[in-house]
Amino acid sequence: MPSEAPSSARVERLRRLADFDPEVIVVGGGITGAGIALDLTLRGVRTLIVERSDWGSATSSASSRLIHGGLRYLEQLEFSLVRDSCLERALLMQNAAGMVWPENFLFPIHRGDRVGRLKLAAGLALYTLLSIPRALGIPGMLGARRASLKLPGTDPAKLRGAGQYLDGATDDARLTLAVIATAVEAGALCISRMEMLELADDGKRVEAKLRDTLGGEEFQVGARAAVLAGGPFTESLRGRAALTGNWISPTRGSHIVVHRDRLPTDGAVIFPSRVDGRVMFLIPWPRYTIVGTTDLDADPDQPIRATRAEVEYMLDSVNGLMPLADLEPDDVISSWAGLRPLLTAPKSDPSARSREERITHEGNVFTIAGGKLTGYRSMAEKLGAEVCRAIGTGDTSRHSPTRRMPLSGAMPTRSTRPAWSSLRKDGTPEPNSPGRVRAIAWSKRYAVRAAEVRIVCGHTEDGEEQLDAETLLGEVDWSVEREDCLTLCDFFFRRTDLALGPREVALAALDRVALRMENLLDWNQDETARQKSEVLESLAAVHAWRDDPQPD
């Protein structure tokens with residue numbers, strides 16, 4: 001049964017929809033669609049964006065959480081992609097400070113590796129050259145001793161050294177949310193849980209049939225043009241607009257999470273898997289280290305989750321790099337998987353397919369697909385100018401106002417490398433008190449608004465009750481009232497990292513969060529039970545790989 005009482009902010013948006021006369025309708029609320037809605041709004045175009053689920057609920061909350069140029073794409077000679085991504089990385093460091101932060105990357109070199117010191121040094125020099133005039137810093141080469149201190153668990157007898165450089169990282173779901181919040185503040189009408197059922201184009205205007213997935217009400221909304229930004233579901237979305245064509249060959253990227261004490265690294269690590277040579281990452285996170293990622297052809301209509309074969313592949317890859325870690329399946333705390341919306345191409349190797357975007361204009365309908373998280377703003381900039389030219393209104397400049405627009409909640413100055421990323425001299429993570437753990441986590445979760453959230457928690461009944469080491473019960477109130485959080489899954493999987501940690505901790509918090517949201521959103525008992533069931537189902541998918549048969 002649909003929820004009977006959405007948040008007051010959503011009620012206001014639905015009321016506004018009845019009288020809103022958009023010039024462009026954007027369909028799809030991942031990072032690409034969010035970026036387009038913001039770009040068009042800042043160009044002076046009345047924009048409506050709709051998303052059938054939560055903001056960033058698919059690919060944009062299941063990435064490797066990196067804001068980077070893509071060092072590995074140099075071998076594929078995608079210099080333009082790398083340069084554009086490096087420039088976008090710098091803009092995000094400035095405009096999304098606190099939500100995007102610099103991270104030190106280590107590229108270890110072992111005896112017998114395909115990439116040796118000279119090749120790596122040349123690659124890092126080219127990588128830096130392509131990022132001028134917005135280079136993050138000067139790369140360097142480390143000897144074996146210094147590299148081993150930054151990578152405990154590696155075999156010192158085989159380690160020859162490492163390359164070192166700066167790239168970026170982010171919380172992808174919260175970055176998407178910040179883009180949406182900025183679009184709202186600029187005047188866009190942004191409505192989640194609003195599905196586009198049909199899209200008709202009579203040659204002069206488009207007409208969209210929309211359905212509120214919470215309340216069931218249907219709306220007919222017209223506009224001069226529509227933009228379809230469906231990510232891995234692009235072809236299905238185009239079908240609802242009576243458009244055809246082969247667009248997407250999605251691949252699944254899975255990740256695992258292990259405790260930072262079991263896999264300590266000083267900064268992030270990029271390394272070739274000892275299993276098959278694929279480039280992989282170790283990414284520091286508060287309390288954890290993220291390992292990723294796989295790259296396998298996937299059917300978007302099938303359940304999206306990590307498999308046991310993928311988990312064991314990632315463990316074998318890490319143990320090949322850091323044999324002293326000796327990770328086992330029981331060390332895996334959680335996992336996630338997402339679909340990359342890669343463009344259809346003849347290349348059989350998924351990892352070799354281009355990360356470039358594709359844009360088409362058919363009648364009054366635009367479609368955009370492909371691209372990388374890092375380049376979302378640039379993609380929106382290109383499309384925004386094209387849309388404005390096509391509809392004859394708005395700023396058609398090549399350079400968008402988003403180049404200089406800070407995102408909602410960003411810090412006033414660039415962030416420094418986060419405290420959770422470094423190791424002490426003895427190769428262990430810094431010990432953290434509960435208060436410090438939460439402060440560190442909130443620095444990337446809320447950026448400049450962390451102090452406001454702290455006040456809300458302090459002035460809310462039981463608001464300072466702890467749900468896990470990073471999360472307080474009062475954050476539920478903040479998320480519902482300020483962040484368009486409409487379901488339990490929104491809170492556990494995208495507003496916080498509750499679902500990223502141990503399953504038993506998330507389960508212990510479920511009843512308390514459910515009761516809080518029940519009161520805030522006026523759910524009845526049936527709705528609360530349904531919401532809890534969805535969280536249990538989603539958590540089961542996170543851990544479902546444990547029940548898979550052992551790979552041969």
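The structure is a predicted model, in which local features need pLDDT of at least 70 and side-chain atom pairs count only at pLDDT 80 or more, while totals for chains, interfaces and linings use all residues. Residues are numbered from 1 along each chain as its sequence is written, and side-chain values use heavy atoms, with hydrogens and water left out.

**The sheet β8-β9-β10**

- Helices (H or I, at least four residues) and strands (E, at least two) are DSSP runs, numbered from the N terminus.
- Three strands form an open sheet in the order β8-β9-β10, with antiparallel pairing; two strands pair if DSSP finds at least two bridges between them.
- Strands β8 and β10 (218-223) are the edge strands, each pairing on one side only.
- Neighbouring strands of this sheet are turned by 25° against each other on average, direction ignored; the axes are lines fitted to C-alpha atoms, and angles run from 0 to 180 degrees between N-to-C directions.
- Strand β8 (residues 194-201) is joined to strand β9 (residues 206-212) by seven bridges.
- Within this pairing, D201 stands opposite V206, and A200 has E207 as its bridge partner.
- The hairpin of β8 and β9 has four residues between the strands, and G203 takes a positive phi near 95° there.

**Helix α4**

- Helix α4 (residues 117-131) has 15 residues and spans 21 Å from its first C-alpha to its last, close to the 21 Å expected at 1.5 Å a residue; the expected span is 1.5 Å times one less than the number of residues.
- The buried residues (under 20% relative accessible area, 1.4 Å probe, protein chains only) of α4 are L120, L124, Y127, T128, L130 and S131.
- These buried residues line one face of the helix, because they fall within an arc of 160° seen down its axis; the arc is that of the directions from the helix axis to the C-beta atoms.
- On the other side of α4, L118 and L129 are exposed (over 50% relative accessible area).
- The buried residues of α4 pack against α3 (79-95), β4 (100-110), β5 (140-143) and β6 (159-170).

**The nonpolar cores**

- A nonpolar core is a set of buried Ala, Val, Leu, Ile, Met, Phe, Trp, Tyr and Cys residues joined through side-chain atoms within 4.5 Å.
- The largest core has 41 residues, and V387 is one of those that touch the most other members.
- Helix α9 (376-391) gives the most to this core, with seven residues.
- Leaving aside its neighbours within four places in sequence, V387 is in contact (heavy atoms within 4.5 Å) with V24, L40, V227 and F366.
- Another core, of 32 residues, lies apart from the largest one and includes W101, L120, Y288 and I440.
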